[in-house]
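Take a walk through this protein with me. Keep the structure open and find each residue as it comes up.

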Amino acid sequence: MKVMNTTSVRTVLWDISPDKIDTLPASFVIQRALSYGSIFLIVEMIKKNGIDVVRTVFDSMKPTAMSRRRYNYISSYLLL
């Protein structure tokens with residue numbers, strides 16, 4: 001699955017060289033988007049990868065990967 005190499009994706013992959021972003025697993029990019037990305041980026045990930053894939057990645061993440069407030073918002077409103 002090819003990863004989006006856009007400016008919004010690069011904001012959550014600040015520590016990775018832009019030319020290597022396309023080689024990353026989609027699940028890694030989705031985890032970063034869920035932890036650090038904007039709502040717009042998370043919705044973009046849902047549109048590109050499907051809600052089931054994003055929900056699976058979200059469910060596999062540790063609860064401490066993001067703030068409780070963010071976790072509750074994503075689980076209650078974005079991934080219904």
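In which helix does Ile39 lie? Ile39 lies in helix α3. Keep in mind that this model is predicted. At 37% relative accessibility, Ile39 counts as partly exposed. Together with Tyr73 and Tyr77, Ile39 makes a nonpolar surface patch of about 320 Å².

Ser38 sits in the loop between α2 and α3. Its relative accessibility is 40%, so Ser38 counts as partly exposed.

Next, go inside. In soluble globular proteins, nonpolar side chains tend to be buried together. Here the largest nonpolar core has 22 residues. Those with the most contacts inside this core are Val9, Leu13, Leu34, Met45, Val54, Ile74 and Leu79. Which helices supply the core? Helices α1 (7–12), α2, α3, α4 and α5 each supply at least two of its residues.

Pick out Ile74 from that list. Setting aside residues up to four places away in sequence, Ile74 touches Leu34, Ile42, Phe58, Met66 and Leu79.

Now turn to α4, which spans residues 51–60. Val54, Val57 and Phe58 are buried in this helix. Where do these buried residues fall when seen down the axis of α4? They fall within an arc of 100°, so they line one face of the helix. An α-helix has 3.6 residues a turn, so residues three or four places apart point the same way. The cover over the buried residues of α4 includes α2 (26–36), α3 (39–49) and α5 (68–78). Now look at the face turned away from the buried side. That face carries the exposed residues Asp52, Thr56, Asp59 and Ser60.

Side chains of opposite charge can pair when their charged atoms come close. Asp52 forms a salt bridge with Arg55, and their closest N and O atoms are 3.3 Å apart. Both residues belong to α4 and are 3 residues apart, so about one helical turn separates them. Asp52 counts as exposed because its relative accessibility is 53%, above the 50% cut-off. Arg55 is partly exposed, with a relative accessible area of 25%.

How many salt bridges does a search of the whole structure find? The search finds 2. Asp15 and Arg32 form a salt bridge too, with their closest N and O atoms 3.1 Å apart. This pair links distant parts of the chain. Asp15 is in the loop between α1 and α2, while Arg32 is in helix α2, 17 residues apart. Is Arg32 buried or exposed? Arg32 is buried, with a relative accessible area of 13%. Asp15 is partly exposed, at 48%.

Finish with Ser35, found in helix α2. Ser35 has a relative accessible area of 13%, which is under the 20% cut-off, so Ser35 counts as buried. What is Ser35 in contact with, leaving aside its neighbours within four places in sequence? Its contacts are Met61, Ala65, Met66 and Arg70.

Note on methods: Residues are numbered from 1 along each chain as its sequence is written. This is a predicted model: local features need pLDDT of at least 70, side-chain atom pairs count only at pLDDT 80 or more; totals for chains, interfaces and linings use all residues. Side-chain values use heavy atoms; hydrogens and water are left out. Buried means under 20% relative accessible area, exposed over 50%, partly exposed in between (1.4 Å probe, protein chains only). Helices (H or I, at least four residues) and strands (E, at least two) are DSSP runs, numbered from the N terminus. The arc is that of the directions from the helix axis to the C-beta atoms. Contact means heavy atoms within 4.5 Å. Patches are made of residues with over 30% relative accessible area and no salt bridge: like charges are joined within 9 Å, nonpolar side chains (Val, Leu, Ile, Met, Phe, Trp, Tyr) within 5 Å. Accessible areas come from the Shrake-Rupley method with a 1.4 Å probe; for residues, only the protein chains shown count as cover. A salt bridge is a side-chain nitrogen of Lys or Arg within 4 Å of a carboxyl oxygen of Asp or Glu. A nonpolar core is a set of buried Ala, Val, Leu, Ile, Met, Phe, Trp, Tyr and Cys residues joined through side-chain atoms within 4.5 Å.
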